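Keep both open and turn the model as you go.

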Amino acid sequence: CVGVISKVNILMLGFTLGISQGCQPIFSYNYGARQYSRVREAYRKAIVAASIICCIAFVCFQLFPRPIVALFDPSGSEEYFQFAERYFRIYMFMTLANAFQPITANFFTSIGKAKLGFWMALVRQGLLLIPLLLLLPLALGMDGVLWAGPISDGVAAVLVLVLGAREVRRLTVQQEETP
């Protein structure tokens with residue numbers, strides 16, 4: 001069931017990544033043209049669009065985990081489905097926040113801050129998820145694996161939102177200073 005849930009997560013993230021990649025030329029072109037209000041507007045619209053998709057996914061993941069898992073493996077036992085439902089609901093709990101990281105990381109890369117964009121892209125998977133997958137089970141048993149995803153998603157979302165908001169404020173100041 002871990003493989004099924006990972007595939008569903010990647011499918012959902014594909015929409016967010018598509019929005020993120022589609023915005024890259026808009027961010028970079030308008031940033032280069034010193035049209036900072038357009039950069040801010042595109043960033044805001046991308047976050048809103050991806051957040052709507054993530055909210056729909058969240059509702060589906062919380063309300064319909066069994067039918068979603070059954071699409072991939074309808075022959076599972078009752079214990080399998082019980083665990084899959086629990087795993088789905090916990091591991092995918094922060095799906096609501098999954099719009100922020102890819103869009104913000106790409107936003108920074110697009111405006112010439114590639115190092116910051118790189119670290120933002122890496123924060124959830126490399127810096128948080130993998131260590132949490134190794135450490136939380138020591139304290140929480142199997143539940144540690146389940147909670148590693150939402151904890152890393154939540155921390156990554158807070159980090160990228162703080163940095164993204166700071167950059168948007170900086171762009172506002174730059175727009176006011178531009179003749």
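## Overall fold

Please keep in mind that this is a predicted model. The chain holds 7 helices and 0 strands, giving the pattern α-α-α-α-α-α-α when read along the sequence. Its C-alpha trace spans about 65 × 30 × 20 Å along the principal axes.

Of the 179 residues in the chain, 43% count as buried.

## How α1 meets α4

Two packed helices are described by the angle between their axes and the distance between the axes. For α1 and α4, the axes come within 10 Å and cross at roughly 35°. The crossing of these two helices is right-handed.

On the α1 side, Val2, Val4, Ile5 and Val8 make the contact. Their partners on α4 are Tyr80, Ala84, Tyr87, Phe88 and Tyr91. Sorted by class, this contact has 9 nonpolar, no polar and no charged residues.

## A covered helix: α5

The buried ones are Phe100, Gln101, Pro102, Ile103, Thr104, Ala105, Asn106, Phe107, Phe108 and Ser110.

What lies over these buried residues of α5? The cover includes α1, α2, α6 and α7. Just after α5 you will find Gly112, which takes a positive phi of about 90°.

Asn98 sits in the loop between α4 and α5. Is Asn98 buried or exposed? Asn98 counts as buried because its relative accessible area is 10%, and the cut-off for buried is under 20%.

Leaving aside residues up to four places away in sequence, Asn98 touches Asn9, Met12, Leu13, Thr16, Cys54 and Asp153. One of these, Leu13, also turns up in the next section, among the residues nearest the centre of the largest pocket.

## The largest pocket

The largest pocket holds about 470 Å³ of space and is lined by 25 residues. Nearest its centre lie Leu13, Gln101, Pro102, Arg124 and Gln125. Gln101 and Pro102 are also on the list of buried residues in α5.

The largest share, 8 residues, comes from α1. By class, the lining of the largest pocket is made up of 14 nonpolar, 9 polar and 2 charged residues.

## The second largest pocket

About 160 Å³ of space lies in the second largest pocket. Its lining consists of Val8, Leu11, Met12, Phe15, Ile53, Ile56, Ala57, Cys60, Phe61, Ile68, Leu71 and Phe72. Val8 is one of the residues in the contact of α1 with α4, and Met12 is one of the residues that Asn98 touches.

At least two lining residues come from each of α1, α2 (36-63) and α3 (65-72). Here α2 gives the most, with 5 residues. The class count for this second lining is 12 nonpolar, no polar and no charged residues.

Methods
Residues numbered from 1 in each chain as written. Predicted model: local features only at pLDDT ≥ 70, side-chain atom pairs only at ≥ 80, totals over all residues. Heavy atoms only, no water. 1 Å grid on protein atoms, 1.4 Å probe; cavity = no way out; pocket = protein on both sides within 12 Å on 5 of 7 lines; lining within 4 Å. Points joined across faces, edges and corners; volume = space filled by probe spheres on them. Helix = DSSP H or I, 4+ residues; strand = E, 2+ residues; numbered from the N terminus. Nonpolar A, V, L, I, M, F, W, Y, C, P; charged D, E, K, R; others polar. Axes fitted to C-alpha atoms, helices over the stretch in contact; angles between N-to-C directions. Left-handed = near helix turned anticlockwise from the far one by under 90°. Contact = heavy atoms within 4.5 Å. Buried < 20%, exposed > 50% of the residue type's maximum accessible area, 1.4 Å probe, protein only.
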